[in-house]
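Q: Please take a close look at the aromatic rings in this model. Which of them pair up, and how are they placed?

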Amino acid sequence: MERSGDNRTVPAEHSSPPPPNSSGRRPHRHERQRSRKKRKVISSETETRIQIQTLRPSSYTHRRTNSYVQKQGNSRKKPRKPQCQRKWTYSTHDVSNYNDRFVIVSYNILGVENATKHPELYRGVSPKYLDWGHRKKLLCKEVKDYQASILCFQEVDHFNDLKEILGSDGFRGLHKARSGETRDGCAIFWKTEQFTLLHEESIEFQRFGLRNNVAQFCVLKMNQDLPSTGVTARPPCPSTSRNFLVGNIHVLYNPKRGDIKLGQMRIFLEKAYELSQEWGCIPVVITGDLNSLPQSAMYQFLASSKLHIQQYDRRHVSGQIFPSEYAESQSRRNRITRPLMNRWTNEEIMLATGSRLSVLRHHLKLCSAYAGVPGTPEVRDKIGEPLTTSYHCLFTGTVDYIWHTSDLVPVRVLETLPICSLKKTGGLPCKIHPWDIMVHKMSD
């Protein structure tokens with residue numbers, strides 16, 4: 001590609017009459033035609049290389065540019081600007097006094113085994129776009145293009161592939177596989193140039209009777225030579241530790257088991273708070289696929305630190321069942337004055353709260369990074385979360401999040417695509433985006 005401007009570029013005077021050859025005569029008409037055809041091929045090849053090289057800010061642009069050249073051949077028209085590029089949205093918060101910055105990214109990358117087991121979700125998706133060999137390269141390229149510092153992945157069942165590719169870009173990672181027969185899990189990667197790993201832990205929820213899901217934590221230290229460029233900040237203070245905690249979780253999918261979901265989140269947040277205190281009240285960032293909508297009881301628990309579980313139907317804690325009707329069902333619920341005691345057994349209360357009490361609490365004061373940066377109705381809901389981070393045949397909605405404690409300030413977030421644009425893809429993954437769940441990219 002770097003040789004795209006070499007001596008194969010077509011001269012500007014290629015349309016003028018050809019000069020005489022060495023014998024002194026002008027080329028025969030057939031020879032002139034062959035010469036023009038040869039120059040056409042060279043021109044098209046050079047144009048393709050230049051366009052791919054200069055229009056590579058995203059995997060989507062790369063693929064659209066390449067497709068355009070193949071269809072247009074030697075056309076001199078400029079390629080159309082892609083309509084599905086994601087955009088950064090900046091916070092209105094004053095961060096001029098902040099100097100420790102980084103970019104954190106969360107993806108549910110769609111496990112290879114899960115994609116194979118659930119073909120009904122991807123009926124409109126070409127098999128070549130589900131192919132892991134295709135998706136892993138585009139995924140890692142996307143990460144590189146956004147200059148990510150920390151990566152949190154869910155549904156990882158080919159960790160060694162990611163470790164090899166991302167390792168060449170300066171990342172180190174840790175993987176925690178699920179217990180049970182299904183072996184996908186969670187993974188955290190970080191740039192070794194920017195961070196040092198001080199401590200790591202993981203949770204197997206099976207040990208608490210809460211299914212086979214897992215979570216993981218890393219205590220990272222910002223290196224002294226951390227670049228000033230980036231999109232995440234903390235107030236400069238010589239006496240303040242430059243350590244912080246990153247947590248990554250994939251909550252149970254089953255929409256009807258709100259008790260299990262809340263129990264997993266309870267233990268996850270308890271451990272995050274415990275580690276934060278052990279390391280000197282350090283800031284916390286938690287990421288993951290929570291399998292819960294922004295209007296749900298699960299979301300309320302994270303945002304308010306408290307939840308009276310018997311005010312909610314166990315089967316609707318996550319809001320995944322009939323998400324378009326969820327707001328209406330919540331309105332009906334608010335008109336009910338007595339607790340729904342028959343919805344929760346003593347065992348279910350124990351799983352959710354860890355006690356016989358029906359009130360659930362956590363000690364972290366969490367903020368949603370997206371809700372903290374103003375967006376537009378085209379891509380955000382009323383509370384500021386993306387309209388959708390997951391899109392396939394049976395579900396459209398937001399289930400992926402990045403939360404942080406108040407001592408971290410979001411500077412910018414990467415908007416998800418409008419639903420109208422997603423509908424044109426026919427579902428995720430697709431030719432444009434090589435993953436199941438929409439990428440949640442942001443800064444803290």
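A: One aromatic cluster is formed by Tyr107, Phe153, Phe159 and Phe189. The model is predicted: local features need pLDDT of at least 70, side-chain atom pairs count only at pLDDT 80 or more, and totals for chains, interfaces and linings use all residues. Residues are numbered from 1 along each chain as its sequence is written, and side-chain values use heavy atoms, with hydrogens and water left out.

Searching the whole structure gives 11 aromatic pairs. Rings of Phe, Tyr and Trp (its six-membered ring) pair if their centres lie within 6.5 Å; planes under 30 degrees apart are stacked, over 60 edge-to-face, and the rest tilted.

Take Phe153 and Phe189. Their pair is tilted, with 5.9 Å centre to centre and 55° between the planes. Phe153 belongs to strand E3 (residues 150-156) and Phe189 to strand E5 (residues 185-191), so the pair ties together parts 36 residues apart in sequence. Strands are DSSP runs of at least two residues, numbered from the N terminus. Phe153 has 1% relative accessibility and counts as buried. Phe189 is buried too, its relative accessible area being 1%. Buried means under 20% relative accessible area (1.4 Å probe, protein chains only).

Next, Phe195 and Phe244. Their ring centres are 5.8 Å apart and their planes lie at 75°, so this pair is edge-to-face. Phe195 is in strand E6 (residues 195-204) and Phe244 in strand E9 (residues 243-250), so parts 49 residues apart in sequence are tied together. Both Phe195 and Phe244 are buried.

Finally, a charge. The charged end of Arg412 sits over the ring of Trp88, 4.0 Å from its centre. The criterion: NZ of Lys or CZ of Arg within 6 Å of the ring centre and within 35 degrees of the ring normal.

Conventions. Helix = DSSP H or I, 4+ residues; strand = E, 2+ residues; numbered from the N terminus. Buried < 20%, exposed > 50% of the residue type's maximum accessible area, 1.4 Å probe, protein only.
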